[in-house]
Every structure is written in structure tokens, then in C-alpha cells.
Amino acid sequence: MGPPYAACVGLVIEEFAPAPVLRGIVDRAADYHERSRPVRRLESPFVGVVLIVSLGPDMEIDGRPTGSFVAGLWDRPTMTGHFGEQAGYQLYLDVLRARRLLGVPTAELANRLVALDELLGSFAGELTERLAAADHARTRHAVAQRLLARRLRDDHATPPEVAHVLTRLRATRGAVRVETLAREVGWSRRHLGARFREAVGLAPKAVARLVRVEDAARRVRDGEPLAEVAYAAGYADQPHFNRDFRELVGCTPTEFPFVQDSLAAA
């Protein structure tokens, strides 16, 4: 059987909606393939869980070769790359419901890359083999969704207070104060921080920063003026915006569109 990808040059991404049974757990799925000169990419923050099934050569993450993996929330910059080719199938999972697929609390994945076979055991090998045998992106997606649907476990109920706080952080793009959230759910700030970290892996204030910078990075990538981006994200001044962006993305907003993708050193 031939390779699952055509001999294309450049980056090809096909995105798919999740199967009905996986909605709310899987936000979206993407099948991708890239052939080019070696590339390094700064990854902007994502408030969710990422699962990648590698179907090509190992990619590089923060300087180390990495195959298939799962990663939770990160509160520091991440650099990915490849040495001329990468291919795979990627899932973006809801931060609170990912446990139904993965079998572990999201908190255990915060600031970590976990090998897919370490987390999913023999299922990781079955999933990889079945996807590698498929000859088209849409077929790979259909196969993956069927296999993943079989793994669904009973919902480990997230405290509604935690779900409310995460919803509010997203709705306000991280601008709501933690004290306000604690009052809304009837908890002390300390208790809220502990319960939220148990479920998500980071404190509410840290997730608020991620939400703000995730939204800001999208706006910067879309070409919006930086002053308007900073205002929309709720920053009082440009230096504060620049500092948060650098700490979470790895560069300033001004640099971001130009250094997000860069050629790797030979």
C-alpha cells in the first residue's frame, strides 16, 4: 500500500467537524501534511487539550523529537518544527470534557507532553495503524471518529462552579476578575483556585491570561492594528500587552506575524 499522502509541497490542512457523539468533547479535527524546508513555528496559546497522531517523521517540540502525543494547557512559549516533512491527524479537545476520551484529568496534562501510547496503551497503536492505512483525509477522519467514539467513558462530573468560571473567562476574554468569579459561584477565592486547578491544571488567573493572549494572537494574525488588539483584550497599556504576549507566545505582538514561521538552521 502506498503512502497516505500525495507528494505535495507546502502545507495542506483539512479541517473537519466532530461526529455527533463526540460534539462537546472534540472541538474540531484537522488532517495535515507538509513538505518544505525545515521549519520552526511559535505556537500561540490554546485553551484546550491537543491530541496528535503522527503519520510521518517525528516532529520537534521545544528541541526534542516527538511522535504522537497529548498535551494539556501550557503557560509558556512552545516551539514546534520539522525537518522537511510532517503529517498527522490532530484533535482539539475541550479542556473539561477531554477526560471522557483520555481517561485522565486534564490537570495531569498541564505543561506536559505525554506520549500517546503511554496514555492510551494499545489503542494508540491501533489508531495509528488504521489512519496510516487510509488513503484520504476524509476517510482518516471517519475512521478516527468511529474508533474514538468507542472509547467514550462515563462523564466525570465537573463541578458546575468550575464550568461556570471557565465559561465566564472565555466569554469575557479573560477580563473578569477572579474575586468576581468567586462571588458568583459562592466560593472563597482560595477554594475556587484549588478546585479550578484540580480540574484544569492551572489557576483561574493563569487561564485568564491564556484566554486573553489566545484571542489577541488571533487578532494579530488577522492583521488588526495592535492598539485595537490591546484595547479589545482589556490591557491598560501596550507594555503590559507586550509582556504577557512575550511570556506566553515567545515574542512581541509586533514580531509575531513575521517569526511565527521561520526556517530552521541547517
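**Salt bridges in a predicted model**

Q: Is aspartate 94 buried or exposed?
A: Aspartate 94 is buried, at 8% relative accessible area (buried is under 20%, exposed over 50%, partly exposed in between, with a 1.4 Å probe and protein chains only). The model is predicted, so local features need pLDDT of at least 70 and side-chain atom pairs pLDDT 80 or more, while totals for chains, interfaces and linings use all residues. Numbering runs from 1 along each chain as its sequence is written, and side-chain values use heavy atoms, without hydrogens and water.

Q: What does aspartate 94 form a salt bridge with?
A: Arginine 170, with 3.9 Å between the closest N and O atoms (the criterion is a Lys or Arg side-chain nitrogen within 4 Å of an Asp or Glu carboxyl oxygen). Aspartate 94 sits in the loop between strand 9 (85-93) and helix 1 (99-102), and arginine 170 in helix 5 (residues 160-171), 76 residues apart. Helices (H or I, at least four residues) and strands (E, at least two) are DSSP runs numbered from the N terminus.

Q: And how accessible is arginine 170?
A: Arginine 170 is partly exposed, at 34%.

Q: What does arginine 168 meet in a salt bridge?
A: Glutamate 184, at 2.6 Å from N to O. Arginine 168 is in helix 5 and glutamate 184 in helix 6 (residues 178-185), so the pair ties together parts 16 residues apart in sequence. Arginine 168 is partly exposed at 24%, as is glutamate 184 at 38%.

Q: Switching topic, how about glutamate 34 and arginine 41?
A: Their side chains form a salt bridge at 2.7 Å, N to O. Glutamate 34 is buried at 4%, and arginine 41 is buried at 14%.

Q: Which residues are linked in a network?
A: Arg173, Asp215, Arg218, Arg219, Asp222 and Glu224, through salt bridges.

Q: How many salt bridges in the whole structure?
A: The search finds 21.
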